[in-house]
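Hi,

Here is the structure I promised to pass on. Have a look at it first, and my notes follow below.

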Amino acid sequence: MVTALQLALNGLALGAAYALVALGFVLVLNATGAVNFAQGDLVMAGGYGAAALVALLPVPGLVLLPVVMGAMALLGLVVSALAFFPLMRRPATAVFVSTIAIGLVLQNGALALFGPEPRTAPPAWNSEPLRWGELALSSQALAVVVIAALLVLGQGWLLARTRLGRDLRATAQDREMAAALGIHVNAMIALSFALAAALAGAAGTLLANQFFVTPTAGSALILKAYIAVVIGGWGSLAGAVAGALLVGLFETVVAAAVSYTAASALLYGALLVILLLRPQGLFGEAASRRA
Amino acid sequence: MTLTAEPSSPARGLGGDALWTILILAGLGTYAGSLASPYGLRVLTLAGCQALLVLGYQFVFGHAGALSLAQGAFFGLGAYTTAILATRYRWDFALTYPLSILVPLAVAAIVAIPALRLASHYFALATLGLAQVALLVAVNGGDWTGGALGLTGVPGIAVLGEVVRRGLPLAAVVWGVVALGAWASWRFAHGLTGVAYVVLRSDPIAAAAIGLDERRLRFTAFLLSAAYAGAAGALQAHTIGVVSSETLEFSVMVTCLAMTVIGGSTRIAGALIGALLLTFLPEWLRFLQGYALLAYGAALLAMIIVAPEGIAGILGDRFVRRRRAVELPSSEPVPLRGSKSATLEARSLKKSFGGVVALDGVDLVIEPGEILGLIGPNGSGKTTLANVISGLVPPDGGVLRLGSRGLLRLSAERIARAGVSRGFQTPALPPSLSALELVALARASATGKIGFLASLRGSDAGRRRRRFEAEALDLLGKVGLTAEADRSCGALPTRLAWRVEVARALALDPGLIILDEPAAGLGEHEQSELGAVLRDIASRGIAVLVIEHNMPFLLPTANRIVVLDQGRVIAKGRPGEVVRDSAVIASYLGREKIGA
């Protein structure tokens with residue numbers, strides 16, 4: 001019982017971090033119709049950012065979080081300027097390739113700067129587990145769930161309740177119509193990249209404490225986020241969060257019961273099966289043929 | 001008559017490509033034969049394996065325009081197949097090599113079923129999923145795959161019992177295979193099949209309109225890429241003697257992508273340049289050691305922004321003596337017999353989009369040889385009806401027949417081949433192709449001469465291609481476009497676009513042609529030309545369905561008019577009767593001035 005609870009919390013924490021990655025993925029996808037393949041590598045960059053910062057400034061992760069997110073937002077703007085705007089009028093595969101290139105630069109840049117050894121970021125608050133009698137829950141996992149939930153809710157609020165969010169959604173739905181309504185479409189697209197990168201930075205900071213960070217850590221993440229998005233229905237934000245939680249729970253439980261390899265193999269297999277049977281996702285119907 | 005042509009499309013531009021390819025191969029031969037050290041020969045051999053891999057990747061990425069991320073996995077599959085069969089079972093090269101091609105081919109065929117119907121990024125990430133599964137299997141395959149360490153002791157290539165020695169002989173064998181692959185690739189890209197892929201990339205709907213099966217074209221390209229990758233992987237296994245899970249890592253895929261983009265994604269010379277450059281450069285630039293991928297990333301980004309056609313695209317036909325102008329034989333008359341002419345019958349066609357009813361039980365009969373005008377207010381369902389008849393939109397219910405043949409379950413390209421051709425409200429014309437190429441392609445497609453095997457046989461190139469072009473010239477003459485036949489569609493004035501659309505539709509020898517507002521934006525002269533062409537078509541027994549708002553054009557042209565309003569037929573009859581119909585005036589004509 002106790003282990004089951006800890007396992008569930010760990011799975012939820014992993015899923016929550018995936019949700020941040022998947023949300024950024026969907027944000028950019030909706031705004032541009034293109035996939036940002038560098039999203040996973042941005043998470044990795046965020047993780048290194050946190051690891052590097054704490055060496056200069058030994059404070060808890062919670063304090064580092066806004067700093068990393070701000071820096072990552074700037075990096076997101078750079079990514080949009082290099083990999084998206086010059087290719088706006090090209091087929092969607094062009095942006096896919098350019099973001100692969102960005103990912104390659106980030107990965108190998110990290111390798112050049114930090115070397116291949118895994119790094120770790122500070123815990124969000126402290127590493128003492130929370131105890132109630134027999135029950136000991138990882139406070140980091142709990143912190144990840146809480147922080148991710150706040151960020152997800154914050155983004156939901158931003159999109160649903162603010163004027164900026166309305167403009168972002170209008171841009172996502174129909175770029176030309178949004179432009180005709182006087183919305184600065186390019187600014188909205190750049191903002192989507194910045195938000196996506198900031199979320200990736202948060203995910204990187206949170207993940208890099210439990211799982212370490214290596215230059216190639218992003219590659220697996222992008223696929224997990226993608227699976228979450230496919231499960232949740234392409235383009236749906238709520239679906240992506242639900243999908244990410246499912247992926248995180250599934251991976252943690254199967255990894256504990258069988259092995260991490262089995263968990264990954266089953267996930268990738270499930271991806272192909274879902275694409276075969278329900279390309280519109282498990283939950284509801286989103287645009288099945290964008291881009 | 002004789003026409004002269006400037007190279008106008010990627011397919012025509014291959015004239016320079018052939019010369020560059022031969023120059024590169026000759027240069028390599030000289031280098032290998034006289035200058036190369038044993039080490040240089042080894043690098044050259046490995047570059048050959050990469051060149052074959054990239055040639056394969058061009059099919060799916062360059063020609064089909066689909067971003068597959070499984071090319072590295074197919075490469076690894078080929079390498080592992082060779083390594084397992086050669087080291088564990090001591091099988092001979094003559095057996096292992098074909099199998100190393102067949103295994104990735106089979107995997108590609110299975111994966112293609114779910115993956116190929118997916119739009120771009122779905123496809124990309126689904127193929128990435130496949131690559132990850134392959135990597136997991138290799139790392140956890142135990143004794144079979146040698147785990148993370150891999151398999152060692154892969155023997156060299158043995159032909160007829162003779163082991164090919166490393167060094168020059170091995171380099172020659174590998175580059176011989178590359179040359180063979182390049183030849184097949186050349187046949188593929190050089191004929192009308194290559195042109196078919198240009199249409200597919202530019203506009204899948206335009207491809208369906210000339211009877212090209214988008215899924216079959218993409219399937220072929222994907223399978224070819226896998227076969228080439230397997231062939232390349234097996235050669236690399238023989239060359240370095242070791243196969244480990246590194247072969248399946250994403251960096252192999254990314255390097256292949258970088259080679260393709262940097263070299264050029266549709267030209268043979270591009271594959272060679274990309275592979276040679278990115279294999280030799282890290283050897284020359286030792287100071288980059290370890291950061292080669294960083295440089296690849298930066299170069300990849302720069303190239304895709306600045307030179308999307310790669311280095312080979314920049315070279316193009318430059319420095320190459322301009323080719324002799326293309327001479328066409330006198331045009332070959334196409335007998336438009338209306339062999340597919342039959343009565344088109346639609347009954348109770350229904351279609352809703354969400355809650356909006358677009359077609360609410362439409363009945364329509366079109367007889368061979370008649371010009372039927374379809375009018376109605378905006379949103380009355382006219383274009384939806386055209387889309388349903390031509391198979392672009394599946395109806396919710398009803399009956400649709402051409403003669404005795406049911407059309408309802410057929411895909412758009414099958415309906416096109418069954419005899420229903422159409423033009424589009426926004427002309428669907430690939431900008432880089434000339435009208436001649438497009439219509440010639442439609443002729444070849446109508447006779448089933450498009451595809452990899454057809455291109456290997458040369459059914460779509462040379463003399464046979466000229467015959468299709470001669471026929472296309474005749475069709476373009478019928479619509480009065482002879483003088484502009486060689487101009488690229490992108491450079492054609494908008495007012496002439498309908499002519500290409502009609503000629504393309506005629507190329508399929510249709511029984512019915514559907515045109516969506518062909519007269520929109522045309523001057524009076526063009527309108528009367530359009531009317532004359534339509535009457536000429538109808539006189540050959542081909543039915544014409546024209547959607548039009550322009551009543552001054554339509555009334556004298558059409559034999560009959562059907563009026564649609566809110567998804568229902570509210571009136572039909574001869575033009576004179578319909579304009580006097582009170583319901584029509586109330587719903588439609590009353591709101592517009594009519595000048596006839």
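In chain B, strand S3 (residues 344-353) and strand S6 (residues 397-402) run antiparallel and are joined by five bridges. Helices and strands here are DSSP runs numbered from the N terminus, with helices being H or I of at least four residues and strands being E of at least two. Two strands count as paired if DSSP finds at least two bridges between them. Within this pair, B:Ala346 stands opposite B:Leu400 in S6(B). Both strands belong to an open sheet of four in chain B, in the order S4-S3-S6-S7, with antiparallel pairing. Its edge strands are S4 (356-366) and S7 (405-406) of chain B, each pairing on one side only. As a reminder, strands of a sheet pair through backbone hydrogen bonds, either parallel or antiparallel.

Before going on, please keep in mind that this is a predicted model: local features need pLDDT of at least 70, side-chain atom pairs count only at pLDDT 80 or more, and totals for chains, interfaces and linings use all residues. Residues are numbered from 1 along each chain as its sequence is written, while chains are lettered from A and ligands numbered from 1 in the order in which they are written.

Staying in chain B, strand S11 (residues 560-565) is worth a look. Five of its six residues are buried, so S11(B) is largely enclosed by the rest of the structure. (Buried is 20 or more other C-beta atoms within 10 Å of a residue's own, exposed is 12 or fewer, and partly exposed is in between; C-beta atoms are placed from the backbone.) Which strands does S11(B) pair with? Strand S5 (residues 371-375) of chain B runs parallel to S11(B), with four bridges joining them, and B:Leu372 stands opposite B:Arg560 in S11(B). Strand S12 (residues 568-573) of chain B pairs with S11(B) in the antiparallel sense, over five bridges; there, B:Leu564 has B:Val569 as its bridge partner. S11(B) and S12(B) make a hairpin with two residues between them, and B:Gln566 in the turn has a positive phi of about 50°.

Overall, chain B has 23 helices and twelve strands. Its C-alpha trace spans about 90 × 50 × 45 Å along the principal axes. Of its 596 residues, 56% count as buried.

Now for chain A, which has eleven helices and two strands. Its C-alpha atoms fill a box of roughly 60 × 45 × 35 Å along the principal axes, and 52% of its 291 residues are buried. A compact globule with 291 residues would have a radius of gyration near 19 Å, and chain A agrees with that at 18 Å. (The radius of gyration is taken over C-alpha atoms, and the globule rule is 2.2 Å times the number of residues to the power 0.38.)

Helix H5 (residues 139-161) of chain A has 23 residues, which should span 33 Å at 1.5 Å a residue; its end C-alpha atoms are 32 Å apart, which agrees. (The expected span is 1.5 Å times one less than the number of residues.) Among the buried residues of H5(A) are A:Val144, A:Ile147, A:Ala148 and A:Leu151. A:Tyr18 sits in helix H1 (residues 2-32) of chain A. A:Tyr18 is buried, with 28 other C-beta atoms within 10 Å. Leaving out residues up to four places away in sequence, A:Tyr18 touches A:Lys224, A:Ala225, A:Ala228, A:Ala244, A:Val247 and A:Gly248. Contact here means C-beta atoms, placed from the backbone, within 7 Å.

How do the chains meet? 36 residues of chain A are in contact with 33 residues of chain B. H4(A) gives the most to the side of chain A that touches chain B, with 14 residues. The residues on that side divide into 26 nonpolar, eight polar and two charged. (Ala, Val, Leu, Ile, Met, Phe, Trp, Tyr, Cys and Pro count as nonpolar, Asp, Glu, Lys and Arg as charged, and the others, Gly among them, as polar.)

Finally, confidence: pLDDT is the predictor's confidence in each residue, from 0 to 100. Chain A has a mean pLDDT of 84, with 94% of its residues at 70 or more. Over residues 284-291 of chain A, though, the pLDDT is below 50. Where pLDDT is low, the predicted coordinates should not be read in detail.

Cheers

How values were computed:
Two residues are in contact if their C-beta atoms, placed from the backbone, lie within 7 Å.
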